[in-house]
Amino acid sequence: MKIDLITIFPGILEGPFKESMIKRAIDQGFVDINLIDLRKYTHDLHNKVDDTPYGGGCGMVLKPEPLFEAVEDLKKKSTYDQVRVILLTPQGQVFNQQKACQLAGQSHLVLICGRYEGIDERVRTALVDEEISIGDFVLTGGELAAAIIVEAVVRLLPGFLEEEASTDESFSGSLLEYPHYTRPAVFRGMAVPPVLLSGNHGEIARWRKKQSLRRTYERRPDLLQQADLLPKEKVYLEEIKEEIKEENKEENKKQQSI
Ligand code: JDQ
């Protein structure tokens, strides 16, 4: 897979791609990531990439010419026949794991990281295939949003992560993760749940599944709505609801005795 990122601040994106998981993916040849400085596609003395908005108003807008030249150049040089051009913007479709999977299936992505008040609308209409937001909050530019998308996509590339690690996790299975513990067995008086030390793999799997269901029920009931649970999981969920009811009764008794 090839990922090109067009930005006026390549420095923002250098760090994230030089460390850890993404560096390994690059070194092992799973992905080729290129930072493209938009100013390289300007022709004036000052490498001007922005201009004032028509109609007035505050701030600046990214000019169309450098962005068109950059994307056209990247497409011309691409060895793939399908190049997907993505714009990071607060107005895009909200990014999620499903979208990450879709993008991981593409061979060549071009991510445009805007700045200022945004980009000239003609870039959006004539050049961009898809607009993505990483969530309902406001950033000052698209670079950090692009880094998040690259991270979520690269870890899904076929053969890169351990199979189980990416299929067994939060969101792809639409349940939250169960709690994890490592040594020591007792830390500052806090003990690891005994079942995890039992060596009974069936019991451990059952405990973990119930913990996943309980966490999802308590923290993200919206995810349970979408999940199609197995009959066994539905039984666990009913047990969990009973357990929570019992725990609340105990809480109330304690409260009343004070
Ligand atoms: C740009 C901006 C318009 C703020 C300029 C380019 N999820 C998400 N939040 N914020 C962004 C994405 C984002 C992406 C690219 C950006 C913000 N800005 C600043 C532009 C309205 C508000």
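Me: Why is S78 called buried?
Reply: In this predicted model, S78 has a relative accessible area of 14%. Buried means under 20%, so S78 is classed as buried because its 14% falls under that limit.

Me: Where is S78 placed, and which residues is S78 in contact with, leaving aside its neighbours within four places in sequence?
Reply: S78 belongs to the loop between helix 3 (64–77) and strand 5. With those sequence neighbours left aside, S78 is in contact with V83 and H108.

Me: What makes the pairing of the S78 and H108 side chains a polar contact?
Reply: The two side chains approach to 2.6 Å. A polar contact requires N or O atoms within 3.5 Å, one able to donate a hydrogen and the other to accept it; the pair is therefore counted as one. The S78 side chain also reaches the backbone nitrogen of Y80, at 3.0 Å.

Me: What makes N200 a cap of helix 8?
Reply: A side-chain oxygen of N200 lies 3.2 Å from the backbone nitrogen of G202, and the cut-off for a polar contact is 3.5 Å. N200 caps the N-terminal end of the helix in this way.

Me: How do you know what span is expected of helix 8?
Reply: Helix 8 (residues 201–219) has 19 residues. The expected span is 1.5 Å times one less than the number of residues, which gives 27 Å here. From first C-alpha to last, helix 8 reaches 27 Å, close to that expectation.

Me: Which residues of helix 8 are buried, and what do they pack against?
Reply: They are I204, W207, K210, S212, L213, R214 and T216. These buried residues pack against helix 9 (221–226) and helix 10 (231–257).

Me: Which residues come nearest to the ligand?
Reply: There are 16 residues around the ligand, of which S133, I134, G135, F137 and L139 come nearest. Strand 5 (residues 84–94) gives the most to this shell, with three residues. By class, the shell has seven nonpolar, seven polar and two charged residues.

Note on methods: Residues are numbered from 1 along each chain as its sequence is written. This is a predicted model: local features need pLDDT of at least 70, side-chain atom pairs count only at pLDDT 80 or more; totals for chains, interfaces and linings use all residues. Side-chain values use heavy atoms; hydrogens and water are left out. A residue is near a molecule or strand if one of its heavy atoms lies within 4 Å of it. Helices (H or I, at least four residues) and strands (E, at least two) are DSSP runs, numbered from the N terminus. Ala, Val, Leu, Ile, Met, Phe, Trp, Tyr, Cys and Pro count as nonpolar, Asp, Glu, Lys and Arg as charged, and the others, Gly among them, as polar. Buried means under 20% relative accessible area, exposed over 50%, partly exposed in between (1.4 Å probe, protein chains only). Contact means heavy atoms within 4.5 Å.
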